[in-house]
Amino acid sequence: MLILITSCSQQRQDAVTSESQELAYEESIDQWHREREAELKSANGWLTLAGLYWLDEGDNTFGSGKGNDLEFPSGKIPERAGVITLRGDKVKAKFAAGVDIHVNGKRVQQVLMYAPDLDTVPELAHGPLTWFVIRRGDKYGIRLRDLQNDALIHFKGIKRYPVDAKWRIEAKFEQHATPRKIAITNIVGQTSMQDSPGTLVFTQDGKQHRLDALLDGDQLFIIFADKTNGVETYGAGRYLYTDKPGPDGITVLDFNKATNPPCDFVSYATCPLPPRQNFLSLSIEAGEKSYGEY
């Protein structure tokens, strides 16, 4: 009888420990989600994006007036604020007299906005607006942020699936024998070859699945699609980051941290899309749901 009582006591203790671990895991995901939303709403978050203007070779006028090549938001900058000039691989800006534009807190009349040998790309500011040059392939554009952007002001939070440890899955990293690049196409139709260090292999519901990973600093970046896309999740797929594998070649794919691309929130991002080999034959009911109307 003593043995039976001890056994029952151990089972209850194990159950309590398991429940405690589940609650701790759920809270860790909830905290991660709160930080994710805070980052979206930050001054450099995706919700501040208010424009993306591709530059033509030569002079491009900008300001809030309708006759400009680059039409900035009305009422937030003078009608004719200046000229942004693209010559080859360099972008310069010159501002109209009396227009108060700053770089790093210092008022300037003209500035080199982009050159291949610049250590950092300067960010220009006027009122709630900031803007800077981005390069995508052989195209140069101006990315505009607005700290009073409607997408930021009216942000309503991101819907998501309930946290489920089922979708925290160990994966085996298969390193490519030789350096490999894979084709990644973005939402504006540009395709570039990106470094892929290897493939993540995992088993779910008794079936093996594979995802090609990209390098992103100290992490692996996965762009994937699954059967929930266009139903409950964003139609063009989702993103997931994971740690590089340890010495045993194992890492964890936590789909509870699957996120929507920026393009689900704003119209001015150049989101990379999932490569065909990363289309999963699964309904991954974890992570973020679409910010749209699904």
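Which residue in β11 is the bridge partner of Leu-129? In β11, that partner is Asp-146. The model is predicted, with local features needing pLDDT of at least 70 and side-chain atom pairs counting only at pLDDT 80 or more, while totals for chains, interfaces and linings use all residues. Residues are numbered from 1 along each chain as its sequence is written, and side-chain values use heavy atoms, without hydrogens and water.

Strand β10 spans residues 129–136. Strands here are DSSP runs of E with at least two residues, and helices are runs of H or I with at least four, numbered from the N terminus. Six of the eight residues of β10 are buried (under 20% relative accessible area, 1.4 Å probe, protein chains only). Two strands pair if DSSP finds at least two bridges between them. β10 runs antiparallel to β11 (residues 139–146), with eight bridges. Their hairpin has two residues between the strands, and Gly-137 in the turn has a positive phi of about 65 degrees. Three bridges join β10 to β9 (residues 124–126), again antiparallel. Leu-124 has Trp-131 of β10 as its bridge partner. In the hairpin of β9 and β10, Gly-127 takes a positive phi near 60 degrees.

The largest pocket holds about 1200 Å³ of space. A pocket is an open set of points on a 1 Å grid over the protein atoms alone, where a 1.4 Å probe fits, with protein on both sides within 12 Å along at least five of seven lines; lining residues have an atom within 4 Å of a point. The volume is the space filled by probe spheres set on the points, which are joined across faces, edges and corners. The lining has 43 residues, and Asp-216, Phe-221, Tyr-239, Tyr-241 and Pro-272 lie nearest the centre.

Note on methods:
Buried means under 20% relative accessible area, exposed over 50%, partly exposed in between (1.4 Å probe, protein chains only).
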